[in-house]
Each structure stands twice: as C-alpha cells, then as structure tokens.
Amino acid sequence: MRTQNNPHTNKKALSEYRWLILARPLIIIIALIATWQLLVIVTGAPKYMLPPPADVWHTLIARHAVLLDHAKYTIAETVIGLFAGAALGTLAAIPMALFSPVRFWLMPILLVSQAIPFFALAPLLVLWLGFGLASKIAMAALIIFFPVTVAFFDGLSRTETGWLDLARTMGASRWRLLTHIRLPAALPAFASGFRVATAVAPIGAVIGEWVGSSHGLGYLMLHANARVQIDMVFACLLILCAFSITQYFIVDRVLRAALPWQPDSLKPVR
C-alpha cells in the first residue's frame with residue numbers, strides 16, 4: 001500500500017529546517033565559546049597563553065577602531081588577490097585544455113611552483129614589490145592560482161565526449177566548442193576550485209603582512225605577540241575567521257545562483 005505525503009507535515013518540517021539554518025551560526029558560536037571557556041578552566045592556562053573569551057571580547061570592543069583600521073587593509077588585499085589569482089588560473093587553464101604543447105610545458109611548472117614553500121617567497125615579493133598592497137596581493141594570488149587552475153582544467157578536460165562529437169558533426173568550430181560546451185560544462189568544477197581559493201585567500205595576505213608591512217591584521221598580530229598581548233592576537237584571529245566565513249558564504253551563494261544547472265543532491269526534499 002502506497003503512503004501519501006502529508007503537505008502540511010512537509011511544510012512544517014521545511015519551516016523548522018529553515019529556522020534551524022537561521023539559528024545555526026548562533027548555536028555554533030555559543031558552543032565554540034563554551035568549549036573555549038571550558039579549556040581555560042580545565043587547563044588553568046595563564047592569560048598570556050590562553051586568554052578567556054571575556055578578555056578577548058573586551059579587547060574587541062575597546063580597540064575596535066584600531067582593529068577595523070588594520071582589517072580594511074587585509075580585506076582589500078584578500079579580495080583583490082582572490083580575483084587576481086582566479087583570473088590568472090582561468091587564463092592558464094583554458095590554453096592548457098585546448099593546446100597539448102601548452103599543457104606539456106606548463107603543467108610541470110605548476111607542479112614545481114607548489115613544491116616551493118609560500119612563506120619562503122614572501123620576503124622576495126616584499127623585496128620586489130615593496131611593503132605596500134602589491135606584495136600582499138601577489139602572495140594571495142599565488143596561493144589561489146593553483147587550486148583554481150587545476151579545478152578548471154580538470155573540468156575542461158572532462159567534458160562529455162558525446163556532446164563534443166555531436167557538436168563536431170554539426171560543424172562546430174573549436175571556438176564554439178569552447179564557448180558553448182566546454183566552458184559551461186566546466187563551470188561547476190571552476191566553482192569548486194574558487195570556493196577552495198576563497199577559504200585560503202586570507203592566508204596569503206596575512207603571510208605577506210608577517211614578512212613585511214606597516215598595516216593589516218597580520219602586522220597587528222605580529223606586534224601584539226611580541227608584546228605578549230595575546231588577547232589582541234585572538235581578537236585579530238576572530239576578525240579573520242568572521243571575514244573568511246562571510247566571504248565564503250557570499251561566494252557560495254553567488255556561485256549557486258550563477259550555476260542553476262549544477263546538481264545538488266544534498267538539498268533537503270521539499
């Protein structure tokens with residue numbers, strides 16, 4: 001005997017799920033703060049090693065002007081580096097997918113570039129590009145470049161062969177194959193790489209600020225750590241975490257809206 005779904009029950013379950021989605025950030029934040037406070041109590045760590053959440057919150061409020069002033073530089077470096085690295089990755093992946101000689105020579109260079117520690121490149125970038133935004137943007141772009149390139153190239157190289165064969169029988173040129181079939185089919189893979197890049201983008205900016213800078217959250221963390229102002233270090237980390245999470249969810253929403261044909265089997269059934 002077949003059971004029919006109750007529309008009222010489904011609507012109620014969906015409403016509860018939406019409320020849970022809205023409350024999720026607050027629940028996670030409360031759980032993390034409680035775990036943090038419990039660690040402070042259980043370990044008995046001194047404040048210069050692990051400050052309690054209340055001290056960090058007080059620093060966030062009391063020094064918010066300084067924190068926001070430095071945060072705007074880190075945010076600018078991260079966002080510009082994110083789009084610069086994604087653009088470079090796109091420009092590298094397309095010719096690699098279309099021309100085998102480019103792929104033959106460029107792929108080993110990409111692999112070798114990942115074998116070099118990025119922290120070792122930061123002093124050189126500061127030396128070449130100076131202490132301003134340029135060296136931090138370049139550092140962020142270098143970290144972002146590889147995941148975007150590899151993901152987009154993988155998407156371009158795994159286009160459904162049946163689609164390509166059908167288009168060729170209809171007389172499609174290489175340019176039309178790229179713009180009408182390969183690129184749309186590879187965009188979900190590009191989106192995955194771009195999401196990964198969004199999550200790691202702040203790392204490049206902060207590393208660049210650690211090596212040489214006069215502003216930014218990385219610079220502020222470095223000097224606060226030297227003065228044993230660990231509450232300030234944690235305040236900078238919290239701002240970085242909040243920015244990274246916000247940036248990721250904004251990018252994720254934009255990509256989902258821009259790629260409506262991308263399947264998502266994890267969505268709840270309505």
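Predicted model: local features only at pLDDT ≥ 70, side-chain atom pairs only at ≥ 80, totals over all residues.
**View 1. Helix H8 has a kink at Leu-183.** Let's start with H8 on its own, a helix that covers residues 174–211. Its 38 residues would reach 56 Å in a straight helix at 1.5 Å a residue, but the end C-alpha atoms of H8 are only 46 Å apart. Where does the kink in H8 lie? Look at Leu-183, shortly before the proline Pro-184, where the kink is about 45 degrees.

**View 2. Helix H6 packs against H8.** Two packed helices are described by the angle between their axes and the distance between the axes. For H6 (residues 133–157) and H8, the angle is about 155 degrees and the axes lie 6 Å apart. Angles over 145 degrees count as roughly antiparallel, and H6 and H8 are therefore roughly antiparallel to each other. Their crossing is right-handed. Sorted by class, the contact of H6 with H8 has 22 nonpolar, five polar and three charged residues.

**View 3. Helix H9 meets H8 at an angle.** Here H8 packs with H9 (residues 217–226) at about 50 degrees, and their axes are 7 Å apart. That angle makes H8 oblique to H9. H8 passes H9 in a right-handed crossing.

**View 4. A closer look shows the residues where H8 and H9 touch.** Which residues of H8 meet H9? They are Val-206, Glu-209 and Trp-210. On the H9 side, you can find Leu-217, Gly-218, Tyr-219, Met-221 and Leu-222. By class, this contact of H8 with H9 has six nonpolar residues, one polar and one charged.

Note on methods
Residues numbered from 1 in each chain as written. Heavy atoms only, no water. Axes fitted to C-alpha atoms, helices over the stretch in contact; angles between N-to-C directions. Helix = DSSP H or I, 4+ residues; strand = E, 2+ residues; numbered from the N terminus. Parallel < 35°, antiparallel > 145°, perpendicular 65-115°, else oblique. Left-handed = near helix turned anticlockwise from the far one by under 90°. Contact = heavy atoms within 4.5 Å. Nonpolar A, V, L, I, M, F, W, Y, C, P; charged D, E, K, R; others polar. Expected span 1.5 Å × (residues − 1). Bend = angle between axes of the 7 residues up to and from the residue.
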